[in-house]
Amino acid sequence: MPEGDTVWQAARRLHDALAGKVLTRSDLRVPQYATADLTGRTVLDVTPRGKHLLTRVEGDLTLHSHLRMDGSWKVFTSDQRWTGGPAHQIRAILGTHDRTAVGYRLPVLDLLRTADEPRAVGHLGPDLLGPDWNPERALANLLTDPARSLGEALLDQRNLAGIGNVYKSELCFLLGVTPWLAVGALPADRAAKLPSLAKKLLEANRDHPVRNTTGRRGQNLFVYGRAPRPCLRCGTPVRVADQGDGSRERPTYWCPACQTGPAPAPGSPPTRRLRPRTTR
């Protein structure tokens, strides 16, 4: 699933393919922008911001997209067949003389003035892979609501931008606490290292197609997706339960032996605690 590292990779692919080139094809397949035409304009850059992509085009225009769970941008040469999905799932096409970028299943696609980018991404906290990264501010944001569960707080992009469900589970494991622990109950020494640990994980994976948090070949993740297999550290079966992220429930993985703190009882139904807080 797209998280800060995979969005960073997508931005780099798009930038390498489009930046500095004139668009010879432009097709935005959403009703609001069906008549918009970017042909003849030069692509200036493609920049990631958390889980968002900003494709800047001359004339003070930015194409803003968000992949959420299933979206993707694919880049093809002129002789390649498009393979990102059926044609009806295409939401955007940006072509140059030698490359075509095709956006599949994009749930968010906006064309706005570059000067108005804060309307789309101004709510985000410090970007773990961006030039605005500020660990002190990120930690302060997380601690603003000390009663909130750590897992929910990590997914809230207004606190720090780039963490998704995989890194949420892996970070909590590495910190030795469950995702249901209140942020304010996180021991001070572990809270202090949380921002740098999160940044280290995303930076280590932004240049690799397969995400790895363990440093072990063939055992890429400590807990995410591993239930009910044994914990790589202690051998206890990894558990999974739903946890709200402010918009919907997400499967959350943890080791009941290695991680301390509250957690759903085995066999209990998921607790749905939705908050009107954005996680985009």
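This is a predicted model: local features need pLDDT of at least 70, side-chain atom pairs count only at pLDDT 80 or more; totals for chains, interfaces and linings use all residues.
Residues are numbered from 1 along each chain as its sequence is written, and side-chain values use heavy atoms, with hydrogens and water left out. Local features need pLDDT of at least 70, side-chain atom pairs count only at pLDDT 80 or more, and totals for chains, interfaces and linings use all residues.

Helix H1 spans residues 4-18 (helices, H or I of at least four residues, are DSSP runs numbered from the N terminus). Its 15 residues reach 21 Å from the first C-alpha to the last, close to the expected 21 Å (1.5 Å times one less than the number of residues). Among the buried residues of H1 are Val7, Trp8, Leu14 and Leu18 (buried means under 20% relative accessible area, with a 1.4 Å probe and protein chains only). Gly20, which follows H1, has a positive phi near 85°.

The axes of H3 (residues 135-142) and H6 (residues 188-205) come within 9 Å and cross at roughly 125° (axes are lines fitted to C-alpha atoms over the stretch in contact, and angles run from 0 to 180 degrees between N-to-C directions). The contact (heavy atoms within 4.5 Å) is made by Pro135, Leu139 and Leu142 of H3 with Ala191, Ala192, Leu194 and Pro195 of H6.

The axes of H5 (residues 165-175) and H6 come within 10 Å and cross at roughly 130°. Tyr167, Leu171, Leu174 and Leu175 of H5 make the contact, with H6 residues including Arg190, Lys193, Leu194 and Asn205.

Terms used
Helices (H or I, at least four residues) and strands (E, at least two) are DSSP runs, numbered from the N terminus. Buried means under 20% relative accessible area, exposed over 50%, partly exposed in between (1.4 Å probe, protein chains only).
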